[in-house]
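Reader: I'm new to this and would like to learn how to read a protein model. Could you walk me through one?

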Amino acid sequence: MSKESKTKNYSKDGVDVEEEALFSTFAGSVCKASYENSPFVEVQDLSGGKFRGPRPFVFKDLPEGYFIEATADGIGTKGILIDAAKTHHLAAYDLIAMTASDVTRFGGIPLVFVNIFDTVSIGNAGDEVSEAYKSAIAGLGKVAAQGKIVILKGETAQMGDALGSEIMDSKQN
């Protein structure tokens, strides 16, 4: 399937391909800025500057006795409260706490973070929705820097009618 054909299909499904590419580039820059956060992680970025894409990494100079562990978690329904309180820039504190707390409880340290950013719509550059999501991703960059965590990569998925809340639905109308 050609790139043009894929773009038409995504557009038919309500995905703003151009806006998603802009957002992906922004989120990719936040990832890239985190690559020097940890002295234990070395990233080879093959993503072309996007949020998603291959970024193989190696661990280096890990202290004796360290193990590798991976966690998947999220903030559940807190997203609705975060949106209502307009604290998108702070959402990453909850997200990192949820994904890192298991390993830190046992004396480990979180080193690498990967995420999926599912949304109804990415909005349009400069509008309230787009700015809220950029604030959340920028907040993730700040929290990762504080925690010395590498944001390896992520994916943005505009889910349209498959995902939503009353708060975000009212902003789209």
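Reader: Let's start with two helices: is the crossing of α4 and α5 left-handed or right-handed?

Author: Here's the general idea: a crossing is left-handed if the near helix is turned anticlockwise from the far one by less than a right angle, and right-handed if clockwise. In this structure, α4 and α5 cross in the right-handed way. One caution before we go on: this is a predicted model, where local features need pLDDT of at least 70 and side-chain atom pairs count only at pLDDT 80 or more, while totals for chains, interfaces and linings use all residues. Residues are numbered from 1 along each chain as its sequence is written, and side-chain values use heavy atoms, with hydrogens and water left out.

Reader: At what angle do the axes of α4 and α5 cross?

Author: Axes are lines fitted to C-alpha atoms, for helices over the stretch in contact, and angles run from 0 to 180 degrees between N-to-C directions. Here the two axes come within 8 Å and cross at roughly 50 degrees. Angles under 35 degrees count as roughly parallel, over 145 as roughly antiparallel, 65 to 115 as roughly perpendicular and the rest as oblique. That's why α4 and α5 are called oblique to each other.

Reader: Which residues of α4 and α5 meet?

Author: Look for contacts, meaning heavy atoms within 4.5 Å. A92, Y93 and I96 come from α4, and they meet G139, L140, K142, V143 and Q146 of α5.

Reader: How many helices and strands are there in the protein?

Author: Helices (H or I, at least four residues) and strands (E, at least two) are DSSP runs, numbered from the N terminus. You'll find 6 helices and 4 strands, and along the sequence they read α-α-β-β-α-α-β-α-β-α.

Reader: Which residues have the most contacts inside the largest nonpolar core?

Author: A nonpolar core is a set of buried Ala, Val, Leu, Ile, Met, Phe, Trp, Tyr and Cys residues joined through side-chain atoms within 4.5 Å. Buried means under 20% relative accessible area, exposed over 50%, partly exposed in between (1.4 Å probe, protein chains only). The largest core has 28 residues, and F23, I96, F113, F117, I137 and I151 have the most contacts inside it. Elements supplying at least two residues each include α2 (17-33), β3 (112-119) and β4 (150-158), while α5 gives the most, with 7. Take I151: its contacts beyond four places in sequence include V30, Y35, F113 and L140.

Reader: Is N37 buried or exposed?

Author: N37 sits in the loop between α2 and β1, and it counts as buried because its relative accessibility is 16%. Its side chain also reaches the backbone oxygen of A144 at 3.3 Å. That's a polar contact: a pair of N or O atoms within 3.5 Å; within protein, one must be able to donate a hydrogen and the other to accept it, and residues adjacent in sequence count only if both atoms are side-chain atoms. K148 is one of the residues that N37 touches.

Reader: What about K148: is it buried or exposed?

Author: K148 is in the loop between α5 and β4, and at 53% relative accessibility it counts as exposed. Check its backbone too: K148 has a positive phi of about 55 degrees although it is not a glycine.

Reader: Where is T119 found?

Author: T119 is in strand β3, and at 1% relative accessibility it counts as buried. A polar atom of its side chain lies 2.8 Å from the backbone oxygen of S121.
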